[in-house]
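Biologist: I am new to this one. Please show me how to read its features.

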Amino acid sequence: MSPTALVVGAGISGLAAAHRLQKGGWRVVVLEAATRVGGRMSTDVADGYAFERGALILSTGYVSVLPLVEEMGLAPRLSGVSRYVGMVRGGVARRFVDASGVSLLTSGCLRLGEFLRMGWQGIRIYREVRKLPLNVFPAWRDLDDVDAGTWAVRRFGRAVSDYFIESAMQSYYFQEPAEVSRALAENVMAYGMVGVRPLTLAGGLGQLPAAIAARLDVRLGTPAESIELDAGRVRVRTPSETLEADRLVLATPAPIARGLLAEPTPVEAEQLATDYVPILQVSLAVDARWPGTRSLRDVYALLVPGVERESLSIVMQTTSMDRSRAPGGELLNCILAARPARELFEASEEAILGRVLPEVERHFPGVTSALRFARLHRWRHGQPHVPVGRAGAIARYRETCDPSRRVVLAGDYMGFPYVEGAAESGLWAADRLLGYHP
């Protein structure tokens, strides 16, 4: 008989694991507590506007995700986004060409001395990272030795640290540089150094998890309540039944996983102790009355560094990525930085918009008067914390993981904390089981 597996969690990590196992001949059932798949990789549509509920972008460097896109028949929907990025410096929103050092200088985002120092240090960093796989966090363990804030000031000086490293850590990972490993900061830089480009899926990123799930046995609205392991089987109790299988992939956020897995091993407990920061995202649907901001034409992302911000870390103009998502208007995806997100997480929509709209208006004049509607997305388990030592901890787990234990951990906390890292962790977990013959 074919081996069987249960996968708890239908985010991109759990779906990637289930798909790989099913292709390998396993019989798989996926359990998902929510009424939809994808988790933070999902898309909503309202009045013709298609807005992301979490993940906003893909990359040509995503070697785990893009093969899934191809296999699901979604490759024709892939497209590159605008080459222009914006950054606020000195109270002015400045436009530059992504990954272009000269453009950073001519736009005023970098001063000459900063430009020269950043270029020299960039060469040194490239030598450190050029042979490392971009998506495998444990492979970066030798660079996981100091926090990104300390590292950035030493390497680049205070200004570059405040404007570039801080804004990257907040915009993509919702954490202060002092709270995260420098391996994460170098990974962000590496994506730019090797020439990869940002991508999107026409119509929304949520199409990918939906397409994968359509090929699987996914039980929506079916939360796992407990997990039991014994020498022969793994059992998962749900509100309606208890399911059994040979193996289990546990692909939920760490706080949920640690509430399910009784008596974890010490190395499992180390992973399950990972804490999360909340994410608060505001999507603003703007109609054709808004003429746009001339200085930010074609800019797909405006970064707001900590020394310039009140609440926002990044604002993304959807039409610079995919015009079909905002027919006749614009869709601004506004992400709050970590501290204001925590402060406002439980606040009313009115209070949140009252805080966000004036700051958006400062950079995108006229948005408020042309606003059609807003959507709020709150993720309590938004992003796993990535302190110094995290890459080493994941490496220890992978080195000691014994599939005869019957459970394998996967998810955004078990790799780099973005879509590609989550997918890679799910595929790794599946391959671990496929390589073991029960």
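This is a predicted model: local features need pLDDT of at least 70, side-chain atom pairs count only at pLDDT 80 or more; totals for chains, interfaces and linings use all residues.

Biologist: Which side chain does Arg 235 meet in a salt bridge?

Modeller: That of Asp 230, at 2.5 Å, N to O. Asp 230 is partly exposed too, with a relative accessible area of 34%.

Biologist: Are Asp 322 and Arg 325 buried or exposed?

Modeller: Both are buried. Their side chains form a salt bridge at 2.9 Å, N to O.

Biologist: What about a pair from distant parts of the chain?

Modeller: Take Glu 166 and Arg 309, whose side chains form a salt bridge at 2.9 Å, N to O. Glu 166 lies in helix α6, and Arg 309 lies in the loop between β16 and β17, 143 residues apart. Glu 166 is buried at 8% relative accessible area. Arg 309 is buried at 15%.

Biologist: How do I read two packed helices?

Modeller: Use the angle between their axes and the distance between the axes. The axes of α6 (residues 158-173) and α7 (residues 182-193) come within 11 Å and cross at roughly 90°. Angles of 65 to 115 degrees count as roughly perpendicular, so α6 is roughly perpendicular to α7.

Biologist: Which residues make the contact?

Modeller: Among them are Ile 165 and Met 169 of α6, and Leu 184 and Val 188 of α7. By class, the contact has eight nonpolar residues, one polar and no charged.

Terms used
Residues are numbered from 1 along each chain as its sequence is written. Side-chain values use heavy atoms; hydrogens and water are left out. Axes are lines fitted to C-alpha atoms, for helices over the stretch in contact, and angles run from 0 to 180 degrees between N-to-C directions. Helices (H or I, at least four residues) and strands (E, at least two) are DSSP runs, numbered from the N terminus. Angles under 35 degrees count as roughly parallel, over 145 as roughly antiparallel, 65 to 115 as roughly perpendicular and the rest as oblique. Contact means heavy atoms within 4.5 Å. Ala, Val, Leu, Ile, Met, Phe, Trp, Tyr, Cys and Pro count as nonpolar, Asp, Glu, Lys and Arg as charged, and the others, Gly among them, as polar. A salt bridge is a side-chain nitrogen of Lys or Arg within 4 Å of a carboxyl oxygen of Asp or Glu. Buried means under 20% relative accessible area, exposed over 50%, partly exposed in between (1.4 Å probe, protein chains only).
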